[in-house]
Amino acid sequence: SQQGEEDPQALSIQEGENATMNCSYKTSINNLQWYRQNSGRGLVHLILIRSNEREKHSGRLRVTLDTSKKSSSLLITASRAADTASYFCATRIKGGNTPLVFGKGTRLSVIA
Amino acid sequence: GAVVSQHPSWVICKSGTSVKIECRSLDFQATTMFWYRQFPKQSLMLMATSNEGSKATYEQGVEKDKFLINHASLTLSTLTVTSAHPEDSSFYICSAPFPDTGELFFGEGSRLTVL
């Protein structure tokens with residue numbers, strides 16, 4: 001079953017602008033992760049935020065998590081054309097041998 | 001980091017044939033592996049959980065006789081698409097949790113095209 005819902009489904013911005021993608025989920029989680037996927041390629045893990053964390057940074061990425069609203073956001077600052085890809089949030093209800101459940105994704109286009 | 005390898009990375013087959021996709025954890029043992037399917041411009045959908053030495057667990061709506069999963073060793077899980085049809089054309093991705101940490105590592109995916 002699909003856990004996460006991302007919005008927007010598609011986002012087009014100019015190079016240098018910031019891109020914000022949102023994700024909502026339905027059940028309690030252990031952690032939430034964001035992945036990038038270039039067209040027709042595998043997944044690239046971007047960042048993981050645990051349920052007891054509210055914000056996390058990694059380079060130009062900033063992720064927030066609001067467990068009360070069951071939502072997360074991914075902010076990419078100073079976007080580059082190379083950031084063009086699909087971005088997915090994925091949740092895990094607990095650790096160990098449990099799968100990730102992916103959201104529908106946001107297709108980001110960064111125009112040079 | 002840990003490596004999960006899939007083979008083949010792409011395959012084209014005729015309708016009615018069966019195709020096997022392998023997922024290997026190269027530097028760790030995985031008692032569980034997860035298989036996902038991704039149609040064009042869509043998200044990854046969990047198909048099944050592969051369990052070493054026992055039967056796979058399939059998600060609702062996934063035909064177990066159509067998608068045969070074998071997890072014969074601690075480093076290898078296989079997905080066989082039997083009697084493939086054009087609607088089975090998709091991107092198939094596996095993942096495996098690293099022992100102790102449980103961190104999931106993904107294979108590069110296998111693109112299946114059924115003519």
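A: What follows describes the contact between the chains, then selected sites in each chain.

The model is predicted, and the values below are computed from it.

The size of an interface is often given as the accessible area lost when the parts come together. Here chain B and chain A bury about 1,500 Å² between them, and carbon and sulfur atoms account for 55% of that area. Chain B brings 21 residues to the contact and chain A brings 19 residues. Of the area that chain B buries against chain A, 27% is supplied by Ser43(B), Leu44(B) and Phe106(B), more than by any other three residues.

On the side of chain B that touches chain A, the elements that give two or more residues are strand E4 (32-38), strand E5 (44-51), strand E9 (90-97) and strand E10 (104-106). The largest share of that side comes from E4(B), with four residues. As for polar links across the interface, six residue pairs are in polar contact between chain B and chain A, both residues being at pLDDT 80 or more. The count of salt bridges between chain B and chain A is zero.

Within chain B, Ser110(B) is a site with several polar details. Ser110(B) belongs to strand E11 of chain B. With a relative accessible area of 0%, Ser110(B) falls under the 20% limit and is therefore buried. Its side chain is in polar contact with the side chain of Gln6(B), at 3.0 Å. A polar atom of the Ser110(B) side chain also lies 2.6 Å from the backbone oxygen of Pro8(B). Apart from neighbours within four places in sequence, the residues in contact with Ser110(B) are Gln6(B), His7(B), Pro8(B), Ser9(B), Ile21(B), Ser90(B), Phe91(B) and Tyr92(B).

Strand E11 (110-114) of chain B is followed by the segment that holds Leu115(B). Leu115(B) is exposed, at a relative accessible area of 62%. Together with Trp10(B) and Ile12(B), Leu115(B) makes a nonpolar surface patch of about 390 Å².

Turning to chain A, Ser86(A) is found in strand E9 (residues 85-92). Its relative accessible area is 18%, so Ser86(A) counts as buried, the limit being under 20%. Beyond neighbours within four places in sequence, Ser86(A) touches Tyr35(A), Arg36(A), Gln37(A), Thr106(A) and Arg107(A).

Over all chains, the structure holds five salt bridges. One of them joins Asp83(A) and Arg60(A), with the closest N and O atoms 2.9 Å apart. Asp83(A) sits in the loop between strand E8 (71-76) and E9 of chain A, and Arg60(A) in the loop between strand E6 (55-58) and strand E7 (61-66), so the pair ties together parts that are 23 residues apart in sequence. Asp83(A) is buried at 6% relative accessibility, whereas Arg60(A) is partly exposed at 23%.

Another salt bridge is formed by the side chains of Arg62(A) and Glu55(A), at 3.1 Å from N to O. Arg62(A) is partly exposed at 30% relative accessibility, and Glu55(A) is partly exposed at 40%. Lys56(A) and Glu53(A) also form a salt bridge, and their closest N and O atoms are 3.9 Å apart. This pair counts because the cut-off is within 4 Å. Lys56(A) has a relative accessible area of 28% and is partly exposed; Glu53(A), at 23%, is partly exposed.

Notes:
Residues numbered from 1 in each chain as written. Chains lettered and ligands numbered in written order. Predicted model: local features only at pLDDT ≥ 70, side-chain atom pairs only at ≥ 80, totals over all residues. Heavy atoms only, no water. Patch = residues over 30% accessible without salt bridge, like charges linked within 9 Å, V, L, I, M, F, W, Y side chains within 5 Å. Areas by Shrake-Rupley, 256 points an atom, 1.4 Å probe, with all protein chains shown as cover. Buried < 20%, exposed > 50% of the residue type's maximum accessible area, 1.4 Å probe, protein only. Contact = heavy atoms within 4.5 Å. Buried area = accessible area lost by both parts, 1.4 Å probe. Polar contact = N/O pair within 3.5 Å; in protein donor to acceptor, adjacent residues only side chain to side chain.
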